[in-house]
Amino acid sequence: MEANMSKRKDPGRSLRIKVISMGNAEVGKSCIIKRYCEKRFVSKYLATIGIDYGVTKVHVRDREIKVNIFDMAGHPFFYEVRNEFYKDTQGVILVYDVGQKDSFDALDAWLAEMKQELGPHGNMENIIFVVCANKIDCTKHRCVDESEGRLWAESKGFLYFETSAQTGEGINEMFQTFYVSIVDLCENGGKRPTTNSSASFTKEQADAIRRIRNSKDSWDMLGVKPGASRDEVNKAYRKLAVLLHPDKCVAPGSEDAFKAVVNARTALLKNIK
Ligand code: GTP
Ligand code: MG
């Protein structure tokens, strides 16, 4: 990595980077890489055993980039094999299957595993993460929608792409943006450029949207106790309306959350004397 940094003042010279793939077994990590590098798709599942390693060359602006790709096995069984490969990484491809909610919910655990392996001095801030919401061709089975995935990714300052290794949709675009971001990072002294590091919405907004999405009824949605008064309902409504109003909030899913809050208030007020 230090060698990379010393080259950053000479844009014509080549750069060597390390990227890794992470995510549950069978979400399509190997197929995404194969689709990009070999322009083909394999429909038969061949589980990665431990780690697959490959080298590829790409061009970003006027630089030749040598990419070392470490494609990790997602199965817990391979934890001992993959844990030593987290260090000295500039980019992470974090994959989930849009038809498997578990694989989306597991993303936090993948980040935690990486953090743990990097140890107390490891810095996750200066790594480019791209989240791939994969298998979007399987529309019938989709259970994690775009705004939910995008919200998770963007609230962490990660890139987000909808991909299909089967059709190729989103794959080139994802890798292109990913590599450009990594080169920007290297040319910025190994620090994430500030434009990428902060989301354009607050944590409070992201948390409110998530809470509304997971609420069990209208009371829960507004965050009031069942049987609350008109005043309490209106007060809770106003707070959320200000937080999530489409003119003020650009977080993914905010428009639907705002509509849901309006409907919840209407429904509750109908039944409160
Ligand atoms: P591990 O190596 O075990 O961690 O799995 P992986 O994440 O590398 O999954 P892999 O790429 O091997 O793909 C798993 C299965 O999903 C295979 O049967 C693929 O053909 C299929 N698959 C991968 N990507 C897609 C996709 O975009 N659409 C569809 N329909 N199937 C896909
Ligand atoms: Mg694999």
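How many residues of the shell around ligand 1 are nonpolar, polar and charged?

The model is predicted, with local features requiring pLDDT of at least 70 and side-chain atom pairs pLDDT 80 or more, whereas totals for chains, interfaces and linings use all residues. Residues are numbered from 1 along each chain as its sequence is written, chains are lettered from A and ligands numbered from 1 in the order in which they are written, and side-chain values use heavy atoms, without hydrogens and water.

**View 1. The shell around ligand 1.** Ligand 1 is surrounded by 25 residues (a residue is near a molecule if one of its heavy atoms lies within 4 Å of it). The closest are Lys29, Tyr45, Gly74, Asp137 and Ala165. The shell divides into 11 nonpolar, nine polar and five charged residues, with Gly counted as polar and Asp, Glu, Lys and Arg as charged.

**View 2. Polar contacts of ligand 1.** A polar contact is a pair of N or O atoms within 3.5 Å. An oxygen atom of ligand 1 lies 2.8 Å from a backbone N or O atom of alanine 165. A polar side-chain atom of serine 30 is 2.9 Å from an oxygen atom of the ligand, and a polar backbone atom of valine 27 is 3.3 Å from an oxygen atom of ligand 1.

**View 3. Aspartate 97.** This residue belongs to strand β4 (residues 91-97); strands are DSSP runs (E, at least two residues). Aspartate 97 counts as buried because its relative accessibility is 9%, buried meaning under 20% relative accessible area (1.4 Å probe, protein chains only). A polar atom of the aspartate 97 side chain lies 2.7 Å from the backbone nitrogen of glycine 99.

How values were computed
Polar contact = N/O pair within 3.5 Å; in protein donor to acceptor, adjacent residues only side chain to side chain. Helix = DSSP H or I, 4+ residues; strand = E, 2+ residues; numbered from the N terminus. Buried < 20%, exposed > 50% of the residue type's maximum accessible area, 1.4 Å probe, protein only.
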